[in-house]
Amino acid sequence: MRTEQPKMIYLKDYQAPDYLIDETHLTFELHDDHTLVHTQLVMRRNPELDASLPPLVLDGQALELLAVALGDKELSAGDYQVDDNHLTVHPASASFSLDTSVRIHPETNTALEGLYKSSGMFCTQCEAEGFRKITYYLDRPDVMSRFTTTLSADKLAYPILLSNGNPVASGPEGDDRHWATWEDPFMKPAYLFALVAGDLWCVEDKFTTMSGREVTLRIYVEPENIDKCQHAMTSLQKSMRWDEEVYGREYDLDIFMIVAVNDFNMGAMENKGLNIFNSSAVLARAETATDAAHQRVEAIVAHEYFHNWSGNRVTCRDWFQLSLKEGFTVFRDSGFSADMNSATVKRIQDVAFLRTHQFAEDAGPMAHAVRPESFIEISNFYTLTVYEKGSEVVGMLHTLLGPQGFRKGSDLYFERHDGQAVTCDDFVKAMEDANGVDLTQFKRWYSQAGTPRLAVSEAYDAAAQTYRLTFRQSCPATPDKVDKLPFVIPVAMGLLDSQGRGLSVRLQGEEGDVGTSRVLSVTEAEQTFTFVDVPEKPLPSLLRGFSAPVKLSFPYDRDQLMYLMQHDSDGFNRWDATQQLAVQVLQELIGQHQAGQPLVMDPRLIRALGTVLDNPELDPAMVTELLSLPSEAYLTEISEVADVEAIHAAREFARKQLADSLFDTLWQRYQANRGVSKTTEYVAEAEHFARRALQNIALSYLMLSGRPEVLAAAQEQFANADNMTERLTALAVLVNSPFTAECDAALATFAEQFKDNPLVMDQWFSVQAASPLPGGLARVKALMQHPAFTLKNPNKVRALIGSFAGQNLINFHAADGSGYRFIADLVIQLNATNPQIASRQLAPLTRWRKYDSARQALMKAELERIRASGELSSDVYEVVSKSLA
Ligand code: B3K
Ligand code: ZN
């Protein structure tokens, strides 16, 4: 909690550290009502700077300072200065050691940052600035040090004592306690420090690296979860192999550990050699975790593992460079997931997510560049822009340089900067140097916020057989900047003829065969490309694979979209054409609803999706994506002013029309796939995920018919499924159906069966919180009283509150403002206990500019109420004040 007005920090003010820390020796005495931390730092004046000896200002928060010594000299009160955020001492020589002892209270740490307790075990979360809550330190990523850590604790309660690196010694301490020492041979910044003490069991396996070294792999969990680790272990081994094969990166310690904890502010953390994970990102087995959860575990295990190179071996100079490690690592984990599953489907899911959520962030009051230039609270910048858009930026480099050029660049980057703390510019420089290219203009993607618009027009000249495409790019103003300079926009594209074939894409002045697809580099505000020898007016397929994070518009009519859907050689664009068709149809329905007219749906959408459903050749995962209508959140994002009721009514109407018209095929595909599920053992692999996904989307459409045979099918699936994917979908369709009695019975059965599994209960909360049926807020409030619910656990907050405000738009945006009031009350409450979680829950309120004036006023009033509610954490303060600016 702050004691002074939170200050804005600027990238332009970056200065190298005055002092360096060569060695860090930590000793933790863990007790139930306090912890003592003794720290010895072996330090020296930064040799890059002049020879003066300025005061040494260490970061430290919520620490009770017990003793401080500089060299051999114990300091007394007059020798140092201490305030709420710093300890200042005055070194008398260029090399010295500094010893401190502090008392901290992990047992009352509800913010889950620094050292805290989760379900009785001690654990840490230091990124970004949590280490300063453990001891006085230079808590900045460009100060890297060699760490030795000794922990001591009660033997019975905490038999397992872990930290980074390799275990080097351990032993008893008196009758009841024991200790262990760990040494990490790699230099690292404090944000990668970790410690765990608890009563844990582990699953152990091995991995032999490409150079033949054997690495021990361990996943530590609470004893009751020991049967849910295999999927994470397999995912880890696959990730290790993939990083060797695709990036040439080998693991570097003899042991790699993952620990699962129940109370965690985000998904997981890449601490060197000792990853700490939210249990939701580790535990998975058929009976208790959905296919989506299995895929999430695989992706997060990979992401954290990949950080060992992109983040740990090469780290960030300062937190403005966060995307250096996060954007790149998301790009790496997406590549991995694409290779493990269907690449096209993975791309579709990533793009749908980006367009819905990152585009909304980019258009809101918290919009910022991939490399922001200022912040108040760095925790607020672990955003979709830094992660997902950052990954798109790396992806564009991959597109522009090609796979080999990109690999040359990443090899040079890792080799050149191993052991260093560097910047996004250094990353781009390695790509430039390895490929002999100039990426100066490309770097605007790092510095300019906002989603570029790319309007495309065409002109065909039959006599000259030329076809021209003209691109006009612009970028809306964002809070940081009004005028934007043109970006480098790679547009992967092709041209289709009337037989559905790809035409040659030769540009004026080019010779020879150029093939039927290419990447155009749009670099000007307005730019025309002229294709030659074009025998007939083609239909362009643009931005294939979503080759740039822009909003592209081309005046396709619905028949052209249906044509692309059928003939485009690019799978992603076949899906995108379907989405664009659905958007046009839904927008028409929204207009009809707003005009008070009866809703009449364009039958072409039904025909198009009917064809998809009838095609047995198509990957069922792809069919599922094609059948999924654009979400209400996406329709909101692309509206000037979002009409919550009209969007909901239009989409529900379309779903019902599709369900009625395609009933027979849906029913047949449902039954066929459920038949296979019934007779096949659960397998957590792509082909099986795909079958169940199609089966489940079919069931959710079918249920809209209200027919008794579908109700019976849902009940059968609910009762007999051997896995959570089928069971939870059956529950969800019952929850969203008019069959109240059957729904209540299923909810009760489910809660009884899984009451002891908190992650499954999260699903139970989430399904109910997301139900669009009337009375949503009352249901959520009632569920908050359920014994399995607690505001102290971030997963519970996300499951119930996050699902309500993020997915249940019709209830959250109730015209009386009750949804807004509810979120504001929660944010005020959480602000005092867990500022990071409080700040996250605020996001839906920050989007107030999207809505009608009545809702705008209600949302703003709640933001103002939060602002006036008392002492705000820097996290909440920053989001509220920027939203009201
Ligand atoms: N690097 C961590 C995120 C830490 C967030 C701190 N507020 C997880 C990840 O991106 O891998
Ligand atoms: Zn990450």
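This is a predicted model: local features need pLDDT of at least 70, side-chain atom pairs count only at pLDDT 80 or more; totals for chains, interfaces and linings use all residues.

1. Helices H17 and H18 cross in the left-handed sense. H17 covers residues 724-735 and H18 covers residues 740-754; their axes lie 8 Å apart, and the packing angle is about 145°.

2. The contact between these two helices can be followed residue by residue. From H17 come Met 724, Arg 727, Leu 728, Leu 731, Leu 734 and Val 735, and these meet Glu 742, Cys 743, Ala 746, Leu 747, Phe 750, Gln 753 and Phe 754 of H18. Sorted by class, the contact of H17 with H18 comprises 10 nonpolar residues, 1 polar residue and 2 charged residues.

3. A further pair consists of helix H11 (residues 620-627) and helix H15 (residues 686-702), whose axes come within 7 Å and cross at roughly 30°. Angles under 35 degrees count as roughly parallel, and H11 and H15 are therefore described as roughly parallel to each other. The crossing in which H11 passes H15 is left-handed.

4. On the H11 side, the contact involves Pro 620, Ala 621, Val 623, Thr 624 and Leu 627; on the H15 side, it involves Ala 690, Arg 691, Ala 693, Leu 694, Ile 697 and Tyr 701. The contact of H11 with H15 has 9 nonpolar residues, 1 polar residue and 1 charged residue.

5. Helix H23 (residues 818-833) and helix H26 (residues 853-867) have axes that come within 9 Å and cross at roughly 15°. This angle makes H23 roughly parallel to H26. What is the handedness of the crossing in which H23 passes H26? That crossing is right-handed.

6. The residues of H23 in this contact are Tyr 820, Arg 821, Ala 824, Asp 825, Val 827 and Ile 828, and those of H26 are Arg 855, Leu 858, Met 859, Glu 862, Arg 865 and Ile 866. By class, the contact of H23 with H26 has 7 nonpolar and 5 charged residues, with no polar ones.

7. Helix H9 (residues 571-594) may be considered by itself. Its 24 residues reach 35 Å from the first C-alpha to the last, which is close to the 34 Å expected at 1.5 Å a residue. Just after H9, Gly 596 adopts a positive phi of about 70°.

8. Turning to the strands, one open sheet is formed by 8 strands in the order E6-E5-E9-E3-E2-E12-E15-E14, with mixed pairing. Strand E6 (73-74) and strand E14 (166-173) are the edge strands, and each pairs on one side only.

9. Within that order, strand E12 (residues 144-154) and strand E15 (residues 177-189) pair in the antiparallel sense over 10 bridges. Which residue in E15 is the bridge partner of Phe 147? The partner is Asp 184.

10. Another open sheet has 3 strands in the order E4-E8-E7, and its pairing is antiparallel. Strand E4 (56-59) and strand E7 (81-82) stand at its edges with a single partner strand each, so one side of each has no neighbour in the sheet.

11. The pairing of E7 with strand E8 (residues 86-89) is antiparallel and runs over 2 bridges. Opposite Val 82 stands Leu 87 in E8. The reader may wish to locate this residue pair in the structure shown above.

Technical notes:
Residues are numbered from 1 along each chain as its sequence is written. Chains are lettered from A and ligands numbered from 1 in the order in which they are written. Side-chain values use heavy atoms; hydrogens and water are left out. Axes are lines fitted to C-alpha atoms, for helices over the stretch in contact, and angles run from 0 to 180 degrees between N-to-C directions. Helices (H or I, at least four residues) and strands (E, at least two) are DSSP runs, numbered from the N terminus. Angles under 35 degrees count as roughly parallel, over 145 as roughly antiparallel, 65 to 115 as roughly perpendicular and the rest as oblique. A crossing is left-handed if the near helix is turned anticlockwise from the far one by less than a right angle, and right-handed if clockwise. Contact means heavy atoms within 4.5 Å. Ala, Val, Leu, Ile, Met, Phe, Trp, Tyr, Cys and Pro count as nonpolar, Asp, Glu, Lys and Arg as charged, and the others, Gly among them, as polar. The expected span of a helix is 1.5 Å times one less than its number of residues. Two strands pair if DSSP finds at least two bridges between them.
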